[in-house]
Amino acid sequence: MKTKIAVAVDDLTVAYNYKPVLWDIDLSIPEGVLMAIVGPNGAGKSTLIKSILGIIDPIAGSVAIYGKPYTKQRDKVAYVPQKGSVDWDFPTTALDVVMMGTYGSLGWIKRPGAKEKKLSLEALEKVGMLAFKNRQISQLSGGQQQRIFLARALVQNAAIYFMDEPFQGVDATTEIAIINILKELRKAGKTVIVVHHDLQTVPEYFDWVTFLNVKHIATGPVKDIFNDDNLTKTYGINYKVAVQQ
Amino acid sequence: MSPMIDIQLIAAVTAAACAIPGVFLVLRKMALISDAISHSILPGIVIGFFITHDLASPWLIIFAAFSGIITVVLVELIQKTGLVKEDTAIGLVFPALFSIGVILIAQNANDVHLDVDAVLLGDLVYAPFDRLIIDNADFGPKGLWTISVILVITLVLLFAFYKELKISTFDVGLSSALGFSPVILHYGLMSVASVTTVAAFDAVGAILVVAMMITPAAAAYLLTTDLRKMLILSVLFGVGSAIGGYWFARWLDASISGSITTVLGLLFLLIYLFAPSKGLIAVLFRQSRQRIEVSLLTFLLHLNNHDSENERRVAHLQEHINWRKVKANSVLQLAEKNNMITIDNQIVSLTDKGLEFTEKALDYIITNKDEKIEDMKDDFFLFRG
């Protein structure tokens with residue numbers, strides 16, 4: 001049985017000020033996996049996602065979403081940026097932030113209406129944040145802000161979800177709530193790609209994993225490739241010892 | 001129409017046209033860029049004047065707006081080298097362009113109505129006398145027409161691209177991923193800011209136009225948590241200050257643009273002090289309340305930990321927790337007012353409500369989960385994060 005390839009990255013190289021942060025990445029992600037991208041700080045994990053989504057221009061290489069360039073497939077992709085990348089003092093409410101997820105399907109100029117509002121309220125309910133819909137976003141806790149971001153991605157009703165550290169700065173309850181929603185998405189046949197920091201939880205949360213450290217080290221099912229060999233190659237230290245400590 | 005009304009109209013429309021791009025500049029933390037633009041459009045105006053020999057020509061606005069955009073591009077180019085930070089890049093670019101403008105005026109335009117004073121401070125007083133006359137019919141001051149057209153264009157763009165401006169200001173990454181190019185929106189906003197600055201330049205000059213862009217938005221930001229209301233409030237503050245400033249100037253017999261800016265500054269000061277939740281006084285009040293609430297919690301924990309009556313005597317509490325009498329009293333009062341304790345014969349006891357509160361608060365402090373304390377946020381500042 002051969003599954004479709006959801007995301008294919010081919011010879012991708014990205015540089016900031018002529019210093020390569022991603023070097024000749026080849027990667028293909030099959031449809032329907034829940035995949036972690038792991039690697040040390042500065043490994044280029046966020047950069048990989050951003051260049052797949054066309055937020056950063058690579059200096060070489062190409063990306064295909066279901067065989068076509070990203071710009072033709074925007075409606076199939078949802079994105080959750082790092083929580084710290086936005087200004088939470090921005091004058092807006094939780095519901096309004098979630099509604100932003102509908103902007104992509106509306107296109108330029110057209111305003112969100114009743115239908116978009118209904119979808120957004122449903123997404124808020126799904127992440128357990130309906131009671132906070134009119135709360136100003138700076139008045140939300142870190143975990144609540146992350147749930148709002150997740151709801152905004154859910155509203156996009158995409159086939160592929162990219163999430164940049166969705167567990168950063170959230171409490172244990174929120175972490176479990178988020179991973180349950182991600183697992184539901186996978187059950188519904190969606191592809192979910194998550195930049196992840198906590199190596200301990202990789203086997204429990206994910207079924208696929210990509211090891212990345214400027215170069216691509218390995219991609220595959222967690223049960224096959226999540227081993228000391230790849231961890232050591234990625235982090236440069238003997239990880240068996242480090243994890244057990 | 002009398003010159004009096006003309007001046008007020010020009011000032012009010014200018015203020016409204018400045019306030020709208022100002023809101024987005026403030027939210028994008030780019031207030032300084034408006035300062036840079038307002039100075040560096042000068043060479044554009046001068047060169048435009050040399051070509052057209054007409055201070056009221058629309059070409060002047062186009063040339064000047066173009067030099068505004070060049071400023072933004074130069075600042076970004078210098079910043080991109082990574083050798084200097086953004087504020088330094090701004091500080092390098094605009095004085096350079098402005099000084100080119102000043103030299104060009106001094107060299108070539110001594111005999112025309114284009115002097116450095118007018119450039120810096122504007123000359124609203126003369127604006128009503130430059131009239132738009134078509135077929136001998138007087139259609140009012142030219143300056144009013146120019147700025148009104150710009151206000152209408154700004155409003156149309158704002159209504160059309162409100163959603164795009166909002167998302168690209170709040171979340172550049174998502175905006176780009178969804179196909180709303182942040183670069184296009186950025187330069188669109190910069191173009192509007194530049195054009196508005198040029199038109200406002202005549203009325204209020206290079207320095208005061210910055211106040212018209214930034215001050216109303218900064219004041220509105222302290223009063224609301226809704227972008228729509230922030231825009232409306234900014235326009236109202238701008239227009240109010242423009243008209244208020246005019247009458248202030250008449251009363252003082254002083255510069256109109258200076259008075260408008262002074263009124264704007266005073267308005268901001270008032271809001272800065274008295275804004276209900278973000279104002280200085282509200283913040284200080286909240287901090288002092290939080291201090292008392294922390295003491296309250298300490299006190300309730302103490303009660304919770306000690307059963308013996310000896311430990312719960314009012315006098316003992318003062319000695320034991322080492323608080324001064326005033327503080328001990330205010331904490332006792334707060335606890336009693338909220339029915340958390342009862343004082344019977346100088347012996348303090350925790351009520352059921354007090355016990356529940358203590359446990360919830362402890363749970364919140366230990367786990368940092370705030371689902372259970374939602375109802376407490378209304379009464380206590382401490383739990384509002």
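Predicted model: local features only at pLDDT ≥ 70, side-chain atom pairs only at ≥ 80, totals over all residues.

Guide: Residues are numbered from 1 along each chain as its sequence is written, chains are lettered from A and ligands numbered from 1 in the order in which they are written, and side-chain values use heavy atoms, with hydrogens and water left out.

Visitor: How many residues of chain A are in contact with chain B?

Guide: Contact means heavy atoms within 4.5 Å. On the chain B side, 36 residues take part. On the chain A side, the number is 39 residues.

Visitor: Which three residues supply 23% of the area that chain A buries against chain B?

Guide: Buried area is the accessible area (1.4 Å probe) that two parts lose on being put together, summed over both. Chain A and chain B bury about 3,100 Å² between them, with 59% of it on carbon and sulfur atoms. The three residues that supply 23% of chain A's part, more than any other three, are A:Phe90, A:Pro91 and A:Trp108.

Visitor: Which residue of chain B meets A:Asp96 in a salt bridge?

Guide: A salt bridge is a side-chain nitrogen of Lys or Arg within 4 Å of a carboxyl oxygen of Asp or Glu. Between chain A and chain B the count is three. In one of them, at 2.7 Å from N to O, the side chain of A:Asp96 meets that of B:Lys166.

Visitor: Why does the aromatic pair of A:Trp108 and B:Phe180 join two chains?

Guide: Rings of Phe, Tyr and Trp (its six-membered ring) pair if their centres lie within 6.5 Å; planes under 30 degrees apart count as stacked, over 60 as edge-to-face and the rest as tilted. A:Trp108 and B:Phe180 are edge-to-face, with 5.5 Å centre to centre and 80 degrees between the planes. A:Trp108 lies in a loop of chain A and B:Phe180 in a loop of chain B, so the pair joins two chains.

Visitor: Is B:Phe180 buried or exposed?

Guide: Buried means under 20% relative accessible area, exposed over 50%, and partly exposed in between (1.4 Å probe, protein chains only). A:Trp108, at 37%, is partly exposed. B:Phe180 has 2% relative accessibility, and therefore counts as buried.

Visitor: Which residue of chain B belongs to the aromatic cluster with A:Trp88?

Guide: The whole structure holds twelve aromatic pairs over all chains. One aromatic cluster includes A:Trp88, A:Phe90 and A:Phe149. The member from chain B is B:Phe170.

Notes. Helix = DSSP H or I, 4+ residues; strand = E, 2+ residues; numbered from the N terminus.
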